[in-house]
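Please consult the sequence and the structure shown below. The briefing that follows is arranged by topic.

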Amino acid sequence: MAAYVLNTWYPVAWSRDVGRQLTCRRIVEKDVVLYRNSCGQVVAHLDMCPHRMLPLSLGRIRQMHSGEDALECSYHGMTFDGSGACIRIPGQRIVGSPAVQTFPTHENMGLVWIWMGEPALADPAQVFDLPQYHDENWSAVEGDALKIGCFYLNLADNLCDPAHVSFVHTSTLGSPAGEDVPVQFEPTSTGLVTWRWIVDAPAIPLFQKFGNFSGNVDRWHYYHYHAPSIAVIDFGSAATGTGAPEGNRSDCMQIYACHFMTPVDENTTIDHWLHVKNFQATDQINQQLSEQFRIAFAEDKVILEAIHANERRHQNPRPVRLAIDAAPMRMRKLVQSMMDSEALMQAESTNQQTGQRTPQPELAPA
Amino acid sequence: MAAYVLNTWYPVAWSRDVGRQLTCRRIVEKDVVLYRNSCGQVVAHLDMCPHRMLPLSLGRIRQMHSGEDALECSYHGMTFDGSGACIRIPGQRIVGSPAVQTFPTHENMGLVWIWMGEPALADPAQVFDLPQYHDENWSAVEGDALKIGCFYLNLADNLCDPAHVSFVHTSTLGSPAGEDVPVQFEPTSTGLVTWRWIVDAPAIPLFQKFGNFSGNVDRWHYYHYHAPSIAVIDFGSAATGTGAPEGNRSDCMQIYACHFMTPVDENTTIDHWLHVKNFQATDQINQQLSEQFRIAFAEDKVILEAIHANERRHQNPRPVRLAIDAAPMRMRKLVQSMMDSEALMQAESTNQQTGQRTPQPELAPA
Amino acid sequence: MAAYVLNTWYPVAWSRDVGRQLTCRRIVEKDVVLYRNSCGQVVAHLDMCPHRMLPLSLGRIRQMHSGEDALECSYHGMTFDGSGACIRIPGQRIVGSPAVQTFPTHENMGLVWIWMGEPALADPAQVFDLPQYHDENWSAVEGDALKIGCFYLNLADNLCDPAHVSFVHTSTLGSPAGEDVPVQFEPTSTGLVTWRWIVDAPAIPLFQKFGNFSGNVDRWHYYHYHAPSIAVIDFGSAATGTGAPEGNRSDCMQIYACHFMTPVDENTTIDHWLHVKNFQATDQINQQLSEQFRIAFAEDKVILEAIHANERRHQNPRPVRLAIDAAPMRMRKLVQSMMDSEALMQAESTNQQTGQRTPQPELAPA
């Protein structure tokens, strides 16, 4: 089993996919059953009856006398309310407090977010938000739930790495003009940002298709990584000479490509992606834009799955580190420090219960 | 590798499927090759040539000069008679006593039964029998060899558990009227019996289809478990008020649903099922009845395979035990005690050969 | 991971399959990327970029300013010349000497041969050759790259074992007349040869189809094994009475069936096979001959894969050794001694660097 940050809001499903039917998702190596109750709220339980471990997603939603919904296991009819408490055991009275583990959820940006850690710490105000998503001058288009056969931090590597675009996405998001432009990065309050500018060069294929630039452009890629599982890529172009690098982006095309990653297990990540742009377009254009992203992210998928397969079989015999690796390595350290903090908090909590002193944790070497 | 009771008769194949062709079956994690010799008896060998381990089921049956059949390995022609003794090694004389392991078999109730343990203990008189199967006032119909992706004792759990019927088999064998009726059980000479009566309730869907009850019925389920791998479910209905619960079943519909389990390996069980009923019916009705069982047992399969998948991935984090678990837990203890006895017998046998004393075995705690 | 002889030339691909496209092959548990450079020579690298482990076979061939070819990784554009040296890292200067492991290759008999061991020891003059392949009085026909799901030494067992032909290849290469004829073997400078003569018997099915023998023939099988991965089977027939067993083969049909094995991993071998015969034939006849071999080798594949599956699951419970096993057992010892020598050489090389004495190795017991 891999290690995961737990005290964080993870995207777990598109809101559009969670309704009155029981739905199963896997996240941080746990199966979760989801449904939308009669009030429209998303209920999330561990997808495993505490009796015989049957997935509760094979059960059914039952209306209680109170009018509230409950979930009935399809093997022997044990029934759990939205808080996870058992409210019926057919043929006998309820002894003890049998319950199914239940996870806080919250919806934003078309997604259901779930909190897999300590429930008392779950604060819906901390769910990620991109203000432009809600701005009527911008337009948001939902993409897919792309399954990638790799660990989520390998996808995060890719999302702290603008340099790959010139080589991987030559037909959509990149062009040879960027090949030799170095990248820069710096930490932010929630993660880090990695970027580069490519000045006075032809527009990338996507903007050649959907923009109306007549000459060269100045273009930027800002990869905003929010630890542990969110990346928002701000990229855009403005006609060369209009001052975009100096801060004047009043006349530009700009897109936020959002990647909301679900860490499924060591070998699987779901990339819920969507895009938000600073112009309106017809449904047809929107779908054509999505199709360009679909092509690009499928290219990433091929690469990430091939790397994952090699990582599972081999130690890298002679690892070479390049300048562009600085940001992904920083990202990895940041996620490790979050997990270390959680382990420390867990140890303190345990020790408060047992009265022992907490030793100073040894942090992972830099 | 899982542990199995070995000194017992297991069903291994339908008699109808064993003929003059070589047939392979897997049981208690061993591959077995089967064929019917010219006298009509079923020969069963370990499906592995003692020379290079080629499955003997890739070989062919050869007639010996004596007229008896023998099995020739298809790699180098080593040939084994029905007792497993090697009777030919092409190109050389036979040195030592090379042999292939051979298992006693016996046929009854349309099935080939095999003894995987100590051959000297195999007594055909102990092969399971249901007298009604042979009674001309009853009618028996063979079902399928249903492959279920779980350990056989998980299927046995299900077959010591009448309560699940109300929730799992709502379209065939159960009805909501039974949901809250407790179950009872007691030990028998060969295993245990678990049962319940549901009195003065509508007939189950199966008897609504094939019976002619005009009003409510009293119905029973007796789950007769014969350790380790046989369950016979006696279920039936009589019109309410005719005294069925008190013992008068002179006018009733009664069916024995027989489950003859082959424990294949940790992850696989074959359920050879058939039914025997106290009335005659046309072939068409018989097949419709079988179809109802097919639907019901496919429902069990879904549940057992889902539980098996969870058991392989997780410890049950907070196991809840219910009143209905008493019978399955008793069944598990019984099978464990049979395996403990065999281990003790094996140890004594080894010690008699080496002259050591047998320590008192520590039995599994109750 | 299995152990392999490394300082040897292995066949890795048909020459016909290696061109200007990047091609991937797996050998001794390593992925290798192959391409033919603009001079027509085959370049072979480890198929894994030293940066992020992406398979280089997902990259592309680029022309350098010098006109030479280089391989560009498709993730970040790292570029390697034919020697494996890194000649470009986009966005930065090259620091250190990053390189991709590169393997010597040589072509002969329609195959690309590769040296997976110490490059300094690779001598193209040692690549296997069969003079008749180049002789215009003989005709060579290339076969397939047959994938067999077993370890290569199990296929080698089969290729040191003429006795199986009478039982496995009854429709093509064998006949019952050979069943009881013992085999003989002796060591050679590069391996061993195993053989037998079957005198005054009907021609085998293959020569009945393609020869014109009117009566019985004397026929031979010489299995020339060249350790570790080559077997050349010299088989033929001459009319009985013409003195073939005494050495007069002036009027005979003779075929060399060549097996060039690629040891892929513990579970996989590629058998590159071809045949060379002492007579000319039309393309149609050549293809019909190949089809006969295709049938025969598919029969071996079935057997070898079934044995392999059993070997992975079981210890042979009562191994029986036959007279015909002497040659395969000798072959296994020979390969083991080659690996022991390499381990010794490796230890000596390491000790020379560290100044330690080499202990006398304990060779595997005979």
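In what order do the 3 strands of the open sheet in chain A lie, and is the pairing parallel or antiparallel? The order is 2-3-4, and the pairing is antiparallel. The model is a predicted one, in which local features need pLDDT of at least 70 and side-chain atom pairs count only at pLDDT 80 or more, while totals for chains, interfaces and linings use all residues. Residues are numbered from 1 along each chain as its sequence is written, chains are lettered from A in the order in which they are written, and side-chain values use heavy atoms, without hydrogens and water.

**Sheet in chain A**
- Strand 2 (23–27) and strand 4 (42–46) of chain A are the edge strands, each pairing on one side only; strands are DSSP runs of E of at least two residues, and two of them pair if DSSP finds at least two bridges between them.
- From one strand to the next, the twist averages 30 degrees.
- Strand 3 (residues 30–36) of chain A pairs with strand 4 of chain A over 5 bridges, and Arg36(A) has Val42(A) as its bridge partner in strand 4.

- Beyond its neighbours within four places in sequence, Phe235(B) is in contact (heavy atoms within 4.5 Å) with residues including Leu173(B), Trp220(B), Met253(B) and Phe293(B).

**Aromatic pairs**
- Over all chains, 48 aromatic pairs are found, a pair being rings of Phe, Tyr and Trp (its six-membered ring) with centres within 6.5 Å, stacked with planes under 30 degrees apart, edge-to-face over 60 and tilted otherwise.
- The rings of Trp273(A) and Phe293(A) are tilted, because their planes stand at 45 degrees, with centres 6.2 Å apart.
- Trp273(A) and Phe293(A) are both buried, that is, under 20% relative accessible area with a 1.4 Å probe and protein chains only, where over 50% is exposed and the range in between partly exposed.
- Trp113(C) and Phe260(C) form an edge-to-face pair, 5.3 Å centre to centre with 75 degrees between the planes.

**Relation of chains A and B**

Methods:
Helices (H or I, at least four residues) and strands (E, at least two) are DSSP runs, numbered from the N terminus. Axes are lines fitted to C-alpha atoms, for helices over the stretch in contact, and angles run from 0 to 180 degrees between N-to-C directions.
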